[in-house]
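Please look through the sequence and the fold side by side before reading on. The paragraphs below are meant to be followed with both in view.

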Amino acid sequence: MPLVELRNVSKIYRLGEEEIRALDDVTLDIDEGELISIIGPSGSGKSTLMHILGCLDSPTKGTIKLDGVMIENASSRQLASIRNRKIGFVFQFFNLLPKLNVVQNVELPMIYSGIGAKERRERALEALNLVDLVNRAKHRPSQLSGGQQQRAAIARALVNNPRLVFADEPTGNLDSHTGEAILQLFRKLSEEGRTIVLVTHDPEIAAVTPRRIEIRDGKIATRLDATLAGQQGRTGPPGAVVPA
């Protein structure tokens, strides 16, 4: 059973008499342990799709099942609880609090979960160890390089052991060498069984993922499995270029 199932999901906004379909009848499955990218230009609907997949927003139409539970009609409070327990987020601008040191930043999601101070510290250090940043635990964000700040943000996303991690343009503020190191880290996390979704406008970033979903005008334009990306014209089951 897929970890995430979207069926005929639309997100519709109204501007006066005009109807804007940010997402238009999207159907998508994401399996446990997948490393997948969602790619599209600005305004394509990829951010709206991430917001709905990540329980930051609700669809206008359609159904969503996360970890076997229907959530499209969940309240704001219920969505917040699901995000805290099952979803991690990594953003382009890191979003670390400058007055807290690294380990305190990583602890933040657990404070909202009501976890005690001793366990918070232990789990935060374990998460920092996963991203090779334990030796910077007591540093402030301003004392870290961009790559180190992004590693701290990844540790924070992982600390509650979420079923699903979204990374929104995670290398956008990094040089190419540091960005590649961050992508290698995501590949490693995926190989360890974590489900990772990269959201990007950059085809070079999307090219590192085994599966790519291209969004255009609120619709899925193509689904591409990298294992057969070079086999032009081949269509069919997973592993092929499939028009939406």
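This is a predicted model: local features need pLDDT of at least 70, side-chain atom pairs count only at pLDDT 80 or more; totals for chains, interfaces and linings use all residues.

Residues are numbered from 1 along each chain as its sequence is written, and side-chain values use heavy atoms, with hydrogens and water left out.

Helix H3 covers residues 102–112; helices (H or I, at least four residues) and strands (E, at least two) are DSSP runs, numbered from the N terminus. Eight of the eleven residues of H3 are buried, where buried means under 20% relative accessible area, exposed means over 50%, and partly exposed lies in between (1.4 Å probe, protein chains only). Among these buried residues are Val-103, Asn-105, Glu-107 and Met-110. Their cover includes helix H2 (76–86), helix H4 (117–130) and H5. At the start of H3, a side-chain oxygen of Asn-101 comes within 3.3 Å of the backbone nitrogen of Val-103, while just after the helix Gly-114 has a positive phi of about 80°.

Helix H5, which spans residues 146–158, holds Gln-149. With a relative accessible area of 17%, Gln-149 counts as buried, and, apart from neighbours within four places in sequence, this residue is in contact (heavy atoms within 4.5 Å) with Phe-94, Leu-96, Pro-141 and Leu-144.

Most residues other than glycine have a negative phi. Cys-55, however, has a positive phi near 60°, and this residue sits in the loop between helix H1 (46–53) and strand S4 (61–66), where its relative accessibility of 0% makes Cys-55 buried. Glu-169, also not a glycine, has a positive phi of about 45°; Glu-169 belongs to the loop between strand S7 (164–168) and helix H6 (176–191) and is buried, with a relative accessible area of 12%.

On the surface, Tyr-13, Leu-15 and Ile-20 make up a nonpolar patch with about 290 Å² of accessible area together. Patches are made of residues with over 30% relative accessible area and no salt bridge, with like charges joined within 9 Å and nonpolar side chains (Val, Leu, Ile, Met, Phe, Trp, Tyr) within 5 Å; a salt bridge is a side-chain nitrogen of Lys or Arg within 4 Å of a carboxyl oxygen of Asp or Glu. Accessible areas come from the Shrake-Rupley method with a 1.4 Å probe, and for residues only the protein chains shown count as cover. Ile-20 lies in strand S2 (residues 18–30) and is partly exposed, at 36% relative accessible area.

Key
A polar contact is a pair of N or O atoms within 3.5 Å; within protein, one must be able to donate a hydrogen and the other to accept it, and residues adjacent in sequence count only if both atoms are side-chain atoms.
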